[in-house]
Each structure stands twice: as C-alpha cells, then as structure tokens.
Amino acid sequence: MSATTQIQPFRLFRVRLVGRQRRSRNLVRLTFADPKLADFADNGYDQRIKVVLPQGGGDTLDEFPMGPDWFSVWRSQPTDRRAHIRTYTIVAVRPDTGEIDVDFVDHGATGPGSRFAAESAVGDETIILGPSRSYDGTHGGLEFRRELAGRSRQLIVGDLTALPAIAGIARELPSTATGFISIEVPHAEDARGVRVPSGVHLDWCVTSAGHDQLGTVRQWLAGLGPLDGDQAQTTVIDDGGDDPYWEVTATEQAAAAPPAVSAWVAGESGRVRALRRMLVDDFEIPRAAVCFMGYWREGVAGS
Ligand SMILES: Cc1cc2nc3c(=O)[nH]c(=O)nc-3n(C[C@H](O)[C@H](O)[C@H](O)COP(=O)(O)OP(=O)(O)OC[C@H]3O[C@@H](n4cnc5c(N)ncnc54)[C@H](O)[C@@H]3O)c2cc1C
C-alpha cells in the first residue's frame, strides 16, 4: 500500500463563524472562515455539504473525529454524546479570503441546525464536510443534470430548504434555458434571492397566503401537452426506513437522449412523493432526467 495519503473528494474543514445575516424572515446566512477554505471547491449548482453541530452544552465538537475514518468513529460514539450532522447546500465560496456562505432555514429551536441558525454567535466554531479543490475528479453530491440545462425544458420545484440549491442552479442556467421554477416559502418576505433567465418562469408559492404549489405545477404541466413518457427508463429509488425519499436517474441514462422535460424536485419528503406521483404517474413525465429528493421529513430529525 502507498505511504502517501490518497486525496479524497470531500474533506473536513474546522471553521469559525464570522458573519450572520438574516436574509429573510425564515432564512439566515452564516459566513464561515478559515485559511484552509482556500481548498474548498466551488462547484455551484446544488452542491451539498455536511455541517457538524454541537450537542447542547457539551464539547462534542472537540471530540469529533477529524481523521480519514471519521464517519465510522463518529457512528461508534454514543448518540447522546456525539455531535449532530446535518446536510446543507453551499451558497458561495471565496477561496481568496477563505470564506464560505451557507443559508440555514430557521424553523424554530426543534433541531440542532435550526438552533445554530438562530442562536450561534460570531466566533463560534463548527466543522464542515465539503468538496476539496485538491481532488481532480468529480466530487459527487450534486444532482442537477447540467448537461441537460439547455437541451430540455426545466421543471424545478422546492421549498425554503431547497431555495439555496435552486438559486445556485438558476445562476448557472444558460441564458437560452426554458422552463418553470416553483418555490414554496412560508411567508411573502421569504420570496427573494433567485434570478432566472428570461425563458424560465419563476413562481413563488406563499404558504401563509394559501398558494397551492401542486396545483400550480399541475397547471404548467397540463399546458405542455403529451410528453412521450419513457417507462423503460429506470430510476434509483432509495426509500428505506426513516430516511427521506430519494430518487434520481443514473447519469448515463440522462445523457443518452435529452427528454422533453428535466425535473429537479426537493423539499419535505411527503410533498416530494406527491409531486413524484403527479409528474410520473399522472403526466408520464419522461424519467430519463428526474431527481426527486426528500431534503427533510416532517416529524423526523435528520441524521
Ligand atoms: C441535499 C440536501 C441539501 C439541503 N440544503 C439545505 C439548505 O441549504 N438549507 C437548509 O436550511 N436546509 C437544507 N436541507 C435540509 C436540512 O438538512 C433539514 O431541514 C434538516 O432536518 C435540518 O436539521 P435541523 O437540525 O434543523 O432539524 P432536525 O433535527 O433534522 O429536525 C427536528 C424537527 O424539525 C423538523 N424540520 C426539519 N427541517 C425543517 C424545516 N425546514 N421546516 C420545518 N420543520 C423542519 C423535523 O421534521 C423534525 O421534526 C438540505 C437537505 C438535503 C438532503
């Protein structure tokens, strides 16, 4: 075995909170800094990361394993005394200043992520698992089918947890892109921060105003006419236990033939399932390019 340590696609960064900004009523932008963040890869789109969050009161961050086998060591620690890990989306990477931004939904003090968003203070430390620039392969952790961005009509649907990812995807769409983006937000004041090309319609579904996201998406799909469903295509369904719903098409299938519509759907698991039923069962949307991703699950804490 080689004596040199192999460079991994993802690495752990110990970071310090240097900025907090309430972006909207329910979204808080946290800026983290460390000189080592010069090695944080900027892949854009919906690049996901993991954030390590302290367990109330203890020194769980200091006991977090930072070695290459960190995950198995962390899993072996007692659940009531180890740090929590939650999934987020990277919003901005500034290698020159060693800074990154992450937008956290503040959904009340019911989970460590949300609590950190609401209560953390500048100077607090945390650990982030993110893609490494030193790695020269494909990092993974990014589901949007960018090779289809200018070839298929885009249908992008999500809630406030998906807003950072949708903003990242919209930023990278070619100016010729066409399609429909629907984002469900709790309040009208959360409806901000996404710019779309002129051929893409942006729809804000405001829960407190009684807007109906499923109905709006159904209306858009109905206006497209027959979609030539390709039932032979298979999707990977990961629907086990308490994990949120996750179904994405294998890349090689998507690349083979550009479908009429390419769908990216993320948010609460039950809602994502309902959208999946509508898109695939009712409208027979081609499954050559679909991503259905439960970002969180009502009543179930993430892990
Ligand atoms: C790929 C991916 C990317 C993601 N990106 C982001 C992101 O950029 N920003 C972001 O804020 N979230 C993002 N999420 C969602 C986030 O991981 C979950 O919301 C997570 O559960 C938050 O952890 P927590 O500690 O706040 O709550 P948890 O401890 O996981 O849950 C505690 C309770 O809060 C409820 N809950 C969790 N999230 C919400 C919510 N949003 N609204 C209302 N109730 C909730 C749970 O059902 C549970 O009852 C992403 C998830 C995935 C899989």
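1. The ligand lies between two domains, because domain 1 (10-131) and domain 2 (146-296) both give residues to its shell. The domain bounds come from an automatic or database domain assignment. This is a predicted model, in which local features need pLDDT of at least 70, side-chain atom pairs count only at pLDDT 80 or more, and totals for chains, interfaces and linings use all residues. Residues are numbered from 1 along each chain as its sequence is written, and side-chain values use heavy atoms, with hydrogens and water left out.

2. The shell around the ligand holds 24 residues, each with a heavy atom within 4 Å of the ligand. The closest are Thr 87, His 107, Gly 113, Arg 297 and Gly 302. By class, nine are nonpolar, 10 polar and five charged. Here Ala, Val, Leu, Ile, Met, Phe, Trp, Tyr, Cys and Pro count as nonpolar, Asp, Glu, Lys and Arg as charged, and the others, Gly among them, as polar.

3. Strand S4 (84-94) gives the largest share of the shell, four residues. Strand S5 (99-105), helix H2 (112-119) and strand S13 (290-296) each supply at least two. Helices (H or I, at least four residues) and strands (E, at least two) are DSSP runs, numbered from the N terminus.

4. A polar backbone atom of Thr 87 is 2.7 Å from a ligand oxygen. For Ser 114, a polar backbone atom is 2.9 Å from an oxygen of the ligand. A backbone N or O atom of Asp 103 lies 2.9 Å from a ligand nitrogen. Alone, the ligand exposes 910 Å², and the protein buries 88% of that (Shrake-Rupley method, 1.4 Å probe).

5. His 107 sits in the loop between S5 and H2. Its side chain makes a polar contact with the side chain of Thr 110 at 3.1 Å (a pair of N or O atoms within 3.5 Å; within protein, one must be able to donate a hydrogen and the other to accept it). His 107 and Leu 27 are 80 residues apart in sequence, yet 8.8 Å apart C-alpha to C-alpha.

6. The second largest pocket has 16 lining residues, with Gln 8, Phe 10, Arg 11, Leu 12 and Pro 68 nearest its centre. Strand S1 (10-24) and helix H1 (70-76) each give two or more of the lining residues. A pocket is an open set of points on a 1 Å grid over the protein atoms alone, where a 1.4 Å probe fits, with protein on both sides within 12 Å along at least five of seven lines; lining residues have an atom within 4 Å of a point.
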